[in-house]
Amino acid sequence: MTNTPIAPLAGVRVLELGNYIAAPTAGRLLADFGAEVIKVERPGTGDELRNWRLHKGSTSMLYRTLNRNKKSVVLDLRTEAGRQAVLALAATSDILLENFRPGTLEKWGLGPEVLNEANPDLVVTRISAFGQTGPLSVRPGFAAVAEAFGGFRNLVGDPDRAPVRVGVSIGDSIAGLYAAFGSVMSLYQREVRRRDSAGAAPLAERIIDVALNEAMFSMMESLIPDYQAYGVDRERVGGRMEGIAPSNAYLCKDGASIVVAGNGDSIYQRYMQTIGRPDLGAAPELQTNAGRWACREELDQAIGEWCGQLDAADALAALDAAGVPAGPIYTAADISADSQYAARNMIQRFDVSTGEEVLPGVGFPGIVPVIGDKSLPIRNLGPDLGENTREILGGLLGMDAAQIDAAAGREEAVQP
């Protein structure tokens with residue numbers, strides 16, 4: 001048995017130029033599994049995410065979460081010294097992440113061709129609203145726009161109301177997942193080429209181009225084939241899933257809601273027995289999923305009446321005993337107290353600074369996927385602005401104090 005930390009990406013260095021959520025999510029995933037991620041932030045304000053959902057102090061819990069396991073370096077990319085520092089860091093890195101509007105890196109003199117001159121092995125992973133090519137590539141856009149453009153938003157909500165968004169930046173997060181996957185895929189290609197003595201991959205094969213709208217579009221399952229093959233245009237169905245029944249959320253006697261997914265043929269039979277409606281279980285027209293979908297209103301009414309007579313815990317106990325997939329709709333408080341999350345180390349506690357005070361024992365979400373039997377430990381929360389500037393620029397690049405101050409901007413000269 002060894003105590004050596006599990007770090008599949010140990011030895012990989014990532015230069016993160018992104019801000020907000022998409023590129024930082026990709027950087028977080030790589031950092032979680034051992035990569036050294038150097039996050040470059042602008043002088044003074046840093047990543048805008050430091051001020052999003054800021055309840056107190058100067059650094060949000062959102063920033064601390066999405067930028068965990070990283071190092072923060074302040075560089076002023078408007079200066080030649082800052083630009084040269086980025087190129088020097090790129091020369092020592094395996095991956096560069098960015099999520100600026102297309103053309104921004106080129107405007108700064110840091111486009112892929114320039115980066116390739118500094119490091120012919122560098123993977124350049126770019127995230128933007130609509131990708132680096134095509135008629136919409138120059139358009140700015142946040143995930144909300146991309147979710148709508150990718151077809152996702154049209155399916156979220158109730159059919160008689162305007163579409164709604166989910167409660168998290170799902171478009172940014174999924175794009176970040178694709179960016180991390182694409183980056184690791186390119187690293188694997190590099191190792192294969194080295195094994196085969198094939199030399200570095202061409203630059204075009206080392207540019208990973210992730211569009212937010214395409215990341216969401218890729219999640220839309222058979223939306224387009226169903227439309228083009230059969231003329232079926234999916235619509236919003238509220239808490240249901242199109243074509244699948246019975247599967248929905250139901251309000252219980254105590255005011256809590258539960259989710260029940262009883263749409264499998266054999267599960268459906270047990271489900272109907274449990275709610276005291278064997279007649280629905282035996283009905284010939286309800287033996288297939290297509291038939292049940294056609295009768296979804298009747299089924300939901302019967303299930304809703306049963307749930308309304310029981311507290312959520314009692315309803316879930318009955319469904320669990322019958323082997324019907326069901327679960328509570330958790331709040332943050334529920335997750336914080338749950339034994340399953342605790343058993344897999346999915347809530348990890350830290351004393352965390354808001355910039356004004358230190359809050360003890362704050363829980364943060366663990367690392368997914370699990371390797372072993374529980375989440376890997378978080379090494380550090382999102383760092384203070386410029387916390388590692390001197391360590392990286394001095395130790396890694398060998399800059400002296402004057403050079404560091406010139407690259408970081410005079411305002412950051414006092415940063416550690």
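Predicted model: local features only at pLDDT ≥ 70, side-chain atom pairs only at ≥ 80, totals over all residues.

Modeller: Let us begin with an open sheet of three strands, whose order is β7-β8-β9 and whose pairing is antiparallel. On average, neighbouring strands here are turned by 20° against each other, with direction ignored.

What holds strands in a sheet? They pair through backbone hydrogen bonds, either parallel or antiparallel. Now look at β8 (residues 257-261) beside β9. Three bridges link β8 and β9 in the antiparallel sense. Find Ile258, and you will see that its bridge partner in β9 is Pro328.

Which residues make the contact? From α10 come Tyr268, Tyr271, Met272 and Thr274, and from α13 come Leu299, Ile303 and Trp306. Sort the residues of this contact between α10 and α13 by type: six are nonpolar, one is polar and none is charged.

Most residues other than glycine have a negative phi, and most peptide bonds are trans. Between Ala245 and Pro246, however, the peptide bond is cis, with omega about -5°. Pro246 sits in the loop between α9 (223-230) and β7. Glu221 is not a glycine, yet its phi is positive, about 55°. Another cis bond runs from Val368 to Pro369, with omega near 5°. Pro369 belongs to the loop between β11 (358-365) and α17.

Now set a second sheet beside the one we started with. This open sheet has six strands in the order β3-β2-β1-β4-β5-β6, and the pairing is parallel. β3 (70-74) and β6 (207-211) have a single partner strand each, so one side of each is left without a neighbour in the sheet. Neighbouring strands of this sheet are turned by 20° against each other on average, again ignoring direction. Within this sheet, β4 (residues 95-98) and β5 (residues 123-128) run parallel and are joined by four bridges. Ile95 stands opposite Val123 of β5. This sheet has a helix packed on it too: α17 (residues 389-396) touches β1 (13-16), β2 (36-41) and β3. The direction of α17 makes about 80° with that of β3.

Follow β5 onward into the loop between β5 and α6 (143-149), where Gln132 is found. What does Gln132 touch, leaving out residues up to four places away in sequence? Its contacts are Glu98, Pro102, Arg126, Ser137 and Asp209. Gln132 and Gly394 are 262 residues apart in sequence, and their C-alpha atoms are 34 Å apart in space.

The axes of α1 and α7 (residues 170-195) come within 7 Å and cross at roughly 50°. That makes α1 oblique to α7. The crossing of α1 past α7 is right-handed. On the α1 side, the contact uses Ala22, Thr25, Ala26, Leu29 and Leu30. On the α7 side, it uses Asp172, Ser173, Gly176, Leu177, Ala179, Ala180 and Val184. By type, the residues of the contact of α1 with α7 are eight nonpolar, three polar and one charged.

Last, look at rings. A pair of aromatic rings is described by the distance of the centres and the angle of the planes. The whole structure holds five aromatic pairs. In one of them, the rings of Tyr20 and Trp52 have centres 5.2 Å apart and planes at 45°, so the pair is tilted. Tyr20 lies in the loop between β1 and α1 (22-32), and Trp52 in the loop between β2 and α2 (61-66), so the pair ties together parts that are 32 residues apart in sequence.

Key. Residues numbered from 1 in each chain as written. Heavy atoms only, no water. Contact = heavy atoms within 4.5 Å. Helix = DSSP H or I, 4+ residues; strand = E, 2+ residues; numbered from the N terminus. Nonpolar A, V, L, I, M, F, W, Y, C, P; charged D, E, K, R; others polar. Pairing = 2+ DSSP bridges. Axes fitted to C-alpha atoms, helices over the stretch in contact; angles between N-to-C directions. Phe/Tyr/Trp six-rings, centres within 6.5 Å; stacked < 30°, edge-to-face > 60°. Parallel < 35°, antiparallel > 145°, perpendicular 65-115°, else oblique. Left-handed = near helix turned anticlockwise from the far one by under 90°.
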